[in-house]
Amino acid sequence: MSDTLICERRGHVALVTMNNPPANTWTADSLRGLKALVEELNADRDIYALVLTGQGEKFFSAGADLKLFADGDRAVAREMARCFGEAFEALSRFRGVSIAAINGYAMGGGLEVALACDIRIAEEQAQMALPEAKVGLLPCAGGTQNLALLVGEGWAKRMILCGERVDAARAETIGLVEEVVERGQALERALKLAEQVAGQSPVAVSACKTLIQSSRSRPLDQGYILERELFVDLFDSEDQSEGVNAFLEKRKPHWKNR
(Lines give C-alpha, C1' and ligand atoms only; values in the text may rest on other atoms or scores of the structure.)
Protein backbone atom coordinates (compact mmCIF):
# COMPACT_ATOMS: atom_id res chain seq x y z
CA MET A 1 0.00 0.00 0.00
CA SER A 2 1.25 3.51 -0.82
CA ASP A 3 1.72 6.32 1.67
CA THR A 4 -1.45 7.95 0.32
CA LEU A 5 -3.47 5.60 2.51
CA ILE A 6 -2.34 4.99 6.10
CA CYS A 7 -3.86 2.32 8.34
CA GLU A 8 -3.36 2.23 12.09
CA ARG A 9 -4.89 -0.46 14.27
CA ARG A 10 -6.19 0.74 17.63
CA GLY A 11 -7.53 -2.26 19.49
CA HIS A 12 -10.57 -3.47 17.56
CA VAL A 13 -10.66 -0.33 15.40
CA ALA A 14 -8.80 0.32 12.13
CA LEU A 15 -8.08 4.02 11.59
CA VAL A 16 -7.61 4.74 7.88
CA THR A 17 -6.26 8.15 6.87
CA MET A 18 -6.36 9.52 3.32
CA ASN A 19 -2.94 11.15 2.95
CA ASN A 20 -2.47 12.76 -0.46
CA PRO A 21 -1.93 16.49 0.13
CA PRO A 22 -3.01 19.11 -0.43
CA ALA A 23 -6.57 17.83 -1.02
CA ASN A 24 -6.35 14.08 -0.29
CA THR A 25 -7.37 13.23 -3.84
CA TRP A 26 -7.85 9.66 -4.97
CA THR A 27 -5.62 7.91 -7.50
CA ALA A 28 -5.99 4.54 -9.18
CA ASP A 29 -3.30 3.17 -6.85
CA SER A 30 -4.93 4.49 -3.67
CA LEU A 31 -8.32 3.16 -4.77
CA ARG A 32 -6.84 -0.28 -5.39
CA GLY A 33 -5.15 0.06 -2.01
CA LEU A 34 -8.45 0.82 -0.29
CA LYS A 35 -10.06 -2.24 -1.83
CA ALA A 36 -7.16 -4.45 -0.75
CA LEU A 37 -7.15 -2.93 2.73
CA VAL A 38 -10.86 -3.55 3.29
CA GLU A 39 -10.42 -7.15 2.17
CA GLU A 40 -7.51 -7.49 4.61
CA LEU A 41 -9.54 -6.02 7.48
CA ASN A 42 -12.46 -8.30 6.68
CA ALA A 43 -10.12 -11.25 7.20
CA ASP A 44 -8.84 -9.87 10.52
CA ARG A 45 -11.30 -11.16 13.10
CA ASP A 46 -9.94 -8.75 15.72
CA ILE A 47 -11.16 -5.71 13.76
CA TYR A 48 -14.76 -4.72 14.45
CA ALA A 49 -14.87 -1.15 13.10
CA LEU A 50 -13.18 1.14 10.59
CA VAL A 51 -12.80 4.92 10.87
CA LEU A 52 -11.92 6.92 7.75
CA THR A 53 -10.59 10.48 7.87
CA GLY A 54 -8.44 12.93 5.92
CA GLN A 55 -4.94 14.15 6.71
CA GLY A 56 -4.73 17.85 7.61
CA GLU A 57 -7.31 20.39 8.68
CA LYS A 58 -8.82 21.62 5.40
CA PHE A 59 -9.78 18.57 3.34
CA PHE A 60 -11.45 15.28 4.09
CA SER A 61 -11.05 14.53 0.37
CA ALA A 62 -11.60 16.45 -2.85
CA GLY A 63 -12.20 13.25 -4.83
CA ALA A 64 -10.39 12.61 -8.13
CA ASP A 65 -7.73 14.87 -9.60
CA LEU A 66 -9.45 16.40 -12.65
CA LYS A 67 -6.14 16.50 -14.52
CA LEU A 68 -6.70 12.78 -15.14
CA PHE A 69 -9.66 13.60 -17.39
CA ALA A 70 -8.35 16.70 -19.14
CA ASP A 71 -7.53 14.97 -22.44
CA GLY A 72 -10.88 13.16 -22.69
CA ASP A 73 -9.35 9.66 -22.75
CA ARG A 74 -12.21 7.15 -22.50
CA ALA A 75 -9.87 4.34 -21.44
CA VAL A 76 -8.66 6.38 -18.47
CA ALA A 77 -12.26 7.27 -17.60
CA ARG A 78 -13.33 3.63 -17.73
CA GLU A 79 -10.41 2.47 -15.58
CA MET A 80 -10.93 5.18 -12.95
CA ALA A 81 -14.68 4.52 -12.82
CA ARG A 82 -13.95 0.83 -12.27
CA CYS A 83 -11.40 1.56 -9.55
CA PHE A 84 -13.73 3.97 -7.77
CA GLY A 85 -16.65 1.56 -7.95
CA GLU A 86 -14.75 -1.50 -6.77
CA ALA A 87 -13.08 0.38 -3.89
CA PHE A 88 -16.17 2.07 -2.52
CA GLU A 89 -18.39 -0.97 -2.99
CA ALA A 90 -15.82 -3.00 -1.03
CA LEU A 91 -15.99 -0.37 1.72
CA SER A 92 -19.77 -0.52 1.74
CA ARG A 93 -19.58 -4.32 2.15
CA PHE A 94 -17.10 -4.15 5.03
CA ARG A 95 -18.45 -6.68 7.56
CA GLY A 96 -17.98 -4.32 10.52
CA VAL A 97 -19.07 -0.74 11.13
CA SER A 98 -17.47 2.00 9.00
CA ILE A 99 -17.49 5.62 10.17
CA ALA A 100 -16.42 8.68 8.16
CA ALA A 101 -14.84 11.46 10.25
CA ILE A 102 -15.37 14.38 7.86
CA ASN A 103 -12.81 16.94 8.94
CA GLY A 104 -13.10 19.39 6.04
CA TYR A 105 -14.17 19.65 2.42
CA ALA A 106 -15.75 16.44 1.07
CA MET A 107 -16.19 16.93 -2.66
CA GLY A 108 -17.06 14.54 -5.46
CA GLY A 109 -15.36 11.22 -4.81
CA GLY A 110 -14.48 12.55 -1.37
CA LEU A 111 -18.16 12.70 -0.47
CA GLU A 112 -18.86 9.42 -2.25
CA VAL A 113 -16.40 7.54 -0.03
CA ALA A 114 -18.19 8.99 3.01
CA LEU A 115 -21.51 7.87 1.52
CA ALA A 116 -20.09 4.34 1.30
CA CYS A 117 -19.55 4.34 5.07
CA ASP A 118 -22.24 3.34 7.55
CA ILE A 119 -22.10 6.53 9.64
CA ARG A 120 -20.84 10.06 8.99
CA ILE A 121 -19.57 12.51 11.64
CA ALA A 122 -18.85 16.02 10.29
CA GLU A 123 -17.01 18.95 11.80
CA GLU A 124 -18.91 22.22 11.87
CA GLN A 125 -16.76 23.84 9.14
CA ALA A 126 -17.13 20.92 6.69
CA GLN A 127 -18.57 21.50 3.23
CA MET A 128 -20.04 18.73 1.07
CA ALA A 129 -20.93 18.56 -2.61
CA LEU A 130 -21.15 16.39 -5.70
CA PRO A 131 -20.14 19.01 -8.29
CA GLU A 132 -19.22 16.71 -11.17
CA ALA A 133 -21.87 18.07 -13.56
CA LYS A 134 -20.22 21.52 -13.35
CA VAL A 135 -17.28 20.09 -15.29
CA GLY A 136 -19.27 17.88 -17.63
CA LEU A 137 -19.00 14.70 -15.56
CA LEU A 138 -21.18 12.75 -13.14
CA PRO A 139 -20.64 10.97 -9.82
CA CYS A 140 -19.53 7.46 -10.80
CA ALA A 141 -18.68 5.93 -7.42
CA GLY A 142 -22.16 5.41 -6.05
CA GLY A 143 -23.02 9.07 -5.53
CA THR A 144 -26.25 9.19 -7.54
CA GLN A 145 -27.51 6.06 -5.81
CA ASN A 146 -26.31 6.41 -2.22
CA LEU A 147 -27.08 10.11 -1.83
CA ALA A 148 -30.70 9.62 -2.83
CA LEU A 149 -31.03 6.76 -0.34
CA LEU A 150 -29.84 9.01 2.48
CA VAL A 151 -31.41 12.39 1.74
CA GLY A 152 -34.26 11.58 -0.65
CA GLU A 153 -34.64 12.33 -4.33
CA GLY A 154 -35.31 16.05 -3.90
CA TRP A 155 -32.10 16.93 -2.07
CA ALA A 156 -30.10 14.52 -4.20
CA LYS A 157 -31.29 16.42 -7.26
CA ARG A 158 -30.51 19.79 -5.67
CA MET A 159 -26.96 18.70 -4.89
CA ILE A 160 -26.25 16.83 -8.14
CA LEU A 161 -28.38 18.56 -10.77
CA CYS A 162 -28.16 22.09 -9.36
CA GLY A 163 -24.67 21.76 -7.98
CA GLU A 164 -25.72 22.87 -4.51
CA ARG A 165 -23.08 22.67 -1.79
CA VAL A 166 -24.21 22.03 1.79
CA ASP A 167 -22.51 22.92 5.06
CA ALA A 168 -22.41 20.59 8.06
CA ALA A 169 -25.51 22.04 9.69
CA ARG A 170 -27.61 21.58 6.55
CA ALA A 171 -26.12 18.12 6.00
CA GLU A 172 -27.32 17.06 9.45
CA THR A 173 -30.78 18.51 8.83
CA ILE A 174 -31.28 16.56 5.61
CA GLY A 175 -29.79 13.33 6.94
CA LEU A 176 -26.53 13.41 4.99
CA VAL A 177 -24.53 13.17 8.23
CA GLU A 178 -25.60 11.71 11.56
CA GLU A 179 -23.79 14.18 13.82
CA VAL A 180 -21.98 17.53 13.71
CA VAL A 181 -19.14 18.30 16.12
CA GLU A 182 -16.81 21.21 16.74
CA ARG A 183 -13.74 21.83 14.60
CA GLY A 184 -11.06 19.22 15.24
CA GLN A 185 -13.39 16.81 17.07
CA ALA A 186 -14.66 14.51 14.29
CA LEU A 187 -11.93 11.90 14.63
CA GLU A 188 -12.22 11.68 18.40
CA ARG A 189 -16.00 11.33 18.21
CA ALA A 190 -15.77 8.74 15.43
CA LEU A 191 -13.24 6.69 17.39
CA LYS A 192 -15.44 6.75 20.49
CA LEU A 193 -18.40 5.60 18.44
CA ALA A 194 -16.27 2.88 16.86
CA GLU A 195 -15.21 1.71 20.31
CA GLN A 196 -18.87 1.24 21.20
CA VAL A 197 -19.03 -1.42 18.51
CA ALA A 198 -16.72 -3.61 20.62
CA GLY A 199 -19.56 -3.93 23.12
CA GLN A 200 -21.68 -5.60 20.45
CA SER A 201 -21.29 -9.09 19.07
CA PRO A 202 -19.33 -8.76 15.79
CA VAL A 203 -21.29 -11.68 14.36
CA ALA A 204 -24.61 -10.04 15.24
CA VAL A 205 -23.46 -6.64 13.94
CA SER A 206 -22.48 -8.14 10.60
CA ALA A 207 -25.86 -9.88 10.28
CA CYS A 208 -27.73 -6.69 11.23
CA LYS A 209 -25.77 -4.65 8.68
CA THR A 210 -26.57 -7.20 5.98
CA LEU A 211 -30.28 -6.90 6.79
CA ILE A 212 -30.31 -3.10 6.87
CA GLN A 213 -28.49 -2.76 3.56
CA SER A 214 -30.52 -5.50 1.89
CA SER A 215 -33.61 -3.34 2.36
CA ARG A 216 -32.30 -1.14 -0.46
CA SER A 217 -33.05 -3.77 -3.08
CA ARG A 218 -35.12 -6.47 -1.37
CA PRO A 219 -38.93 -6.36 -1.07
CA LEU A 220 -40.14 -5.86 2.49
CA ASP A 221 -41.75 -9.30 2.79
CA GLN A 222 -38.48 -10.97 1.76
CA GLY A 223 -36.61 -8.84 4.28
CA TYR A 224 -38.85 -10.11 7.08
CA ILE A 225 -38.10 -13.70 6.06
CA LEU A 226 -34.35 -13.11 5.86
CA GLU A 227 -34.41 -11.38 9.26
CA ARG A 228 -35.89 -14.48 10.90
CA GLU A 229 -33.46 -16.78 9.07
CA LEU A 230 -30.39 -14.81 10.16
CA PHE A 231 -31.71 -14.68 13.72
CA VAL A 232 -31.80 -18.47 13.84
CA ASP A 233 -28.39 -18.69 12.13
CA LEU A 234 -26.86 -16.76 15.03
CA PHE A 235 -27.47 -19.81 17.21
CA ASP A 236 -24.68 -21.53 15.28
CA SER A 237 -22.22 -18.94 16.62
CA GLU A 238 -20.23 -18.98 19.85
CA ASP A 239 -21.00 -15.29 20.33
CA GLN A 240 -24.72 -15.97 20.72
CA SER A 241 -24.21 -18.28 23.68
CA GLU A 242 -21.55 -16.00 25.18
CA GLY A 243 -23.72 -12.91 24.87
CA VAL A 244 -26.81 -14.37 26.49
CA ASN A 245 -24.90 -16.07 29.30
CA ALA A 246 -22.81 -12.97 30.01
CA PHE A 247 -26.01 -10.97 30.42
CA LEU A 248 -27.56 -13.54 32.75
CA GLU A 249 -24.33 -13.75 34.76
CA LYS A 250 -24.08 -9.93 34.95
CA ARG A 251 -20.61 -9.75 33.33
CA LYS A 252 -19.11 -8.33 30.18
CA PRO A 253 -19.12 -10.70 27.22
CA HIS A 254 -15.86 -11.89 25.66
CA TRP A 255 -16.56 -11.94 21.96
CA LYS A 256 -14.80 -14.47 19.72
CA ASN A 257 -16.28 -13.19 16.46
CA ARG A 258 -17.37 -16.66 15.47
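Three elements each put at least two residues into the lining of the largest pocket: α2 (74-92), β6 (105-107) and α3 (109-115). Keep in mind that this is a predicted model. Of the elements, α2 gives the most to that lining, with 4 residues.

How big is the largest pocket? Its volume comes out at about 610 Å³. A set of 28 residues lines the largest pocket, and if you want to find its centre on screen, the closest ones are Leu66, Phe69, Glu132, Val135 and Leu137. Sorted by class, the lining of the largest pocket has 18 nonpolar residues, along with 5 polar and 5 charged.

Now for the second largest pocket. This one holds about 390 Å³ of space. Its lining is made of 17 residues, and nearest the centre you'll find Asp118, Lys209, Ile212, Gln213 and Arg216.

Which element gives the most to the lining of the second largest pocket? That's α7, with 5 residues. As for class, the lining of the second largest pocket divides into 9 nonpolar, 4 polar and 4 charged residues.

| Pocket | Volume | Lining by class |
|---|---|---|
| Largest pocket | about 610 Å³ | 18 nonpolar, 5 polar, 5 charged residues |
| Second largest pocket | about 390 Å³ | 9 nonpolar, 4 polar, 4 charged residues |

Terms used:
Residues are numbered from 1 along each chain as its sequence is written. This is a predicted model: local features need pLDDT of at least 70, side-chain atom pairs count only at pLDDT 80 or more; totals for chains, interfaces and linings use all residues. Side-chain values use heavy atoms; hydrogens and water are left out. On a 1 Å grid over the protein atoms alone, a cavity is a set of points where a 1.4 Å probe fits but cannot get out, and a pocket is an open set with protein on both sides within 12 Å along at least five of seven lines; lining residues have an atom within 4 Å of a point. Grid points are joined across faces, edges and corners, and a volume is the space filled by probe spheres set on the points. Ala, Val, Leu, Ile, Met, Phe, Trp, Tyr, Cys and Pro count as nonpolar, Asp, Glu, Lys and Arg as charged, and the others, Gly among them, as polar.
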